[in-house]
Structure formats: structure tokens, C-alpha cells
Amino acid sequence: MRPDHADTHGNLGNELMELGRFEDAIASFDRVLALRPGDPVALNNQGNAFLALGREIEARKRFEAALEAVADDKLTGDAMSGAAQARSPDPRHVFALNNLGNILLAEGDIAGARTRFEAALAADPSYAEAWWNLSRLHGFAPDDPLLSQLEAQVAAEAHSEHDLMLLEFALAKAMHDVGGTERAFALWQSANARRKAELGYDIAQDRKLFAQLRERFAAPHPPIPETETDKAAPVPIFLLGLPRSGTTLIEQIVTQHSQVAPGDEIATLDREMSALDWCDPEALSREAGRVRSAYYETLTRLADGKPFVTDKMPLNFRWIGAIRALFPRASIVHVHRDPRATLWSIYRNFFSSTGNGYAHDLDDLVAYHGLYRDLMAHWAVQPGAIVDCDYEALTEAPEARSRALIDALGLRWEDACLRPQDNARAVATTSDTQVRKPIYKGSSQAWEKYAPYLEAAFAKLD
């Protein structure tokens, strides 16, 4: 009825984003920009859609254009210098600064990212997401002015539950930096409790899903034949396990190979698998063509002409039975490390996605680890190779383990695989700061500092 109503096109784009239909969302925001050229909200939202698709260069252009559209030179200059703003901040300005910071961080420009997060906070000191982002890059000291500013924000009463949760995650990290172990743990407990309540998570939902998967794949699903078009698509390399188990480092190593393109955490397959009714024995076969076509389309776009593409969505371990049926040419790499190190690292990090509800309660984490361990054992006894990748063993013997991994993938060895820190790909996960370092030992012992608080929960891992 109103094809020229820009706000409605924008609202449609926002709803398409919620549905994960990012390409369609981009088209809706294009319509807004055709009707209102330079609209900063549409530019910012379109940048988010490109970012969700892993198209960082295009996302960056949109965020920079949004900043240019809303900020005069003086405001931008003052914000970049960290000066406090006397005027009310334009939310479109601070959102674009924060988003641009995320892009720069994914690209490995830590100094540039930090500058943008600081600029966003200079414009709006209450901006919780920017506090969380900055806290990950900043090493706090006891007399740090940023520490007192962050304390003041946590104590303020005007924040939403979501924003207070982000601020508590940020302050927990700051207290960890200054040696305030007891307070840091208390803040992590509070932040995680808020996040679990926000998501409405109950471990029963995952117990049900895992039981359905074990029943549906009590015997291997027969391979679903690929079309000739499918066979021409790039070959996926699935890097899976639990979050924070080392999948990002493994992707850095593997994608240093000249034949392998980085896919990062590809949402396409996980979204399609999560939507299937696993009580329906025909669901996978019925939807196979559509699912495989959508996934191969994503892979082809990410491949940049290379024959292999990684997919490091960790929780794809749930779908190994379906992966074997749908993608017979794929390699599957199971990445794992000390479960205490893995679970502690999960617990003290904020995940922006809603698919990690188990992450916000220590008992849930331990229970989920049991579900994961049992399901991996189920897949291991069925036909189909799973490449085992032990994170701790890799850090102890990087060259030998890296060579073994590349060989297991059927690739010729390339010395570049020993230099994962030189990988220039964008990394849009919570490991974005760590992967810029050479392979190092010791990260799996970080939980020991908090052992007194974790002992009761972790005792149930045995």
C-alpha cells in the first residue's frame, strides 16, 4: 500500500535480521537508502547484516558511511580524542563507532578498535556494549581511571538488565586484571545469572534434543546423493567441539594453507539443523536438497575460488550424523582440551548469540559437557572418520601436530601453517585477540586461580 514508506522497509529489514535472513534484510535496507540516501540507521543496520554474513569489508564501508552521515567533523574529532561531550550523544553515532570497532578488532587492528570503543564511551559513558568490548582489550590497573568509571556505571541505577549484565562482565574482567579474584567471581556469577534469565534457558531442552539425536541416528543415516552441482561446490572442513576449546586457533592454522578459505562460524547449517523436527524420521531426507543448496551457496561465496572452506561453528558436533549424510566429501575435526579450562573460559565470556544458554550456570555447563561427551562417543563408533585434535598436545608440539592435522585433511604440507599469527583473515569471535599471537602454552591452567570457587561443580566432571 505504501511502497515509498522508508520506515516500513527499515522495520521489515529488522525483522528479517531476527529471522536470520540477512540477504533479504540487506535488500530491505537498500530500499530505505534508495528512498532516503545516506540514512545512518539503514547504513548501520545494513552493516550489521553484512557482518552477520561474514562480509567484513562491506560491513566496514556501511559503518564508516553511517558515521560520516551523522557526525560533523568537530564531534568526530572530539570523540576520537576521548574528550567528554557536553551535548547529548547521537545514538546512531555511538552505535556506528562501536560496530566499526568490532570490524577493526576482527581484522586484527586492536589499536584502531580500541580507539573506536573509547570514542563511543566518550560520546556516551553509559554505553554498556562498548564497555564490554573495551574491557577485553584493556589491561586494568588498580589506579586506572577507566576502572573507577566502570565501577560508577555498574553502581548506576538507570541500566536495563541486559546492559547491567554486560557491565558486570566488563567489571569482572577488570577485577581479574587487578587481582580481585573474589569480587571478579561474584561479578561473573551475577552477570551469568542475568544472562541465563534473559535467555530463559533450561538444561532440559538440550537433554531432550540430544536424546532425539541419539534416537534418530541410532544407526547411521544413509548418504543422501549429491547432484553434479553439489559436487562442484567447495569441500567443507568442519572444526567442531565446545566453544573456547581451540577451534579458532585450528582454523588459523588450517586457513594458512593456500587451498583453504576461512568460513569462520557459518550460521547457515546450524540454523537449518536447529529448525528440523528430529522426531520426524523423514525430515532430514525431505529437506536435504534445500539445506545442502543453501549451505553450498554460502560456502561458494566464502571460498574465493579455493577448493576447501572451514566452518568452525563449534556446536555443529550435534549434527555430525546429518553432516555425514549430507556432505560425504567433508572432513570433520574434533577439537578438545581440558574440560575445566574449556568450561571456565566459556563461563567468563559473554556470547552475543542466543544459542549458548548452557554457558551461564556452572552446573548447566558440567551437565552440557556430559551431553557433549556422550554424543561424541556415539558418533565415534559409527562409520566415518573424525580427526582428533588435542589443543594441549598441539601447544606442546606445534609442528608435529600441525603437520599431522594437515595430512589428515588430505592436503600437502605448507610451512605457512606454522605461522597462524600471520593469518590476516577477520576473526569475529571471542578469540579475536588471542589468535593474533603465536601458539603458546599455559592457557589451560587459567582456571586454577579460581579453583576454590569451581571445585564443587567441577568435581561432577569425573
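The legends below describe a predicted model in several views, from the whole chain to one strand of its sheet.

Notes on the model. Residues are numbered from 1 along each chain as its sequence is written, and side-chain values use heavy atoms, with hydrogens and water left out. Because the model is predicted, local features need pLDDT of at least 70 and side-chain atom pairs count only at pLDDT 80 or more, while totals for chains, interfaces and linings use all residues.

Figure 1. Helices (H or I, at least four residues) and strands (E, at least two) are DSSP runs, numbered from the N terminus. The C-alpha trace spans about 65 × 60 × 45 Å along its principal axes. Of the 462 residues, 53% count as buried, where buried means under 20% relative accessible area (1.4 Å probe, protein chains only).

**Figure 2. Five strands form an open sheet with parallel pairing.** The strand order is β2-β3-β1-β4-β5. At the edges are β2 (260-261) and β5 (387-390), each of which pairs on one side only. Two strands pair if DSSP finds at least two bridges between them.

**Figure 3. Helix α14 (residues 247-254) packs on the sheet.** The helix touches β1 (235-241), β2, β3 (308-311), β4 and β5; contact means heavy atoms within 4.5 Å. The direction of α14 makes about 150 degrees with that of β1. Axes are lines fitted to C-alpha atoms, for helices over the stretch in contact, and angles run from 0 to 180 degrees between N-to-C directions.

**Figure 4. Strand β4 (residues 331-336) pairs with β5 and with β1.** The pairing of β4 with β5 is parallel and has four bridges. Between β1 and β4 there are five bridges, also in the parallel sense. V333 of β4 is the bridge partner of L239, and V333 stands opposite V387 in β5. H336 has D390 in β5 as its bridge partner.

**Figure 5. Strand β4 is mostly covered.** Six of its six residues are buried. S331, V333 and V335 point one way from the strand, whereas I332, H334 and H336 point the other way.

Conventions:
Buried means under 20% relative accessible area, exposed over 50%, partly exposed in between (1.4 Å probe, protein chains only).
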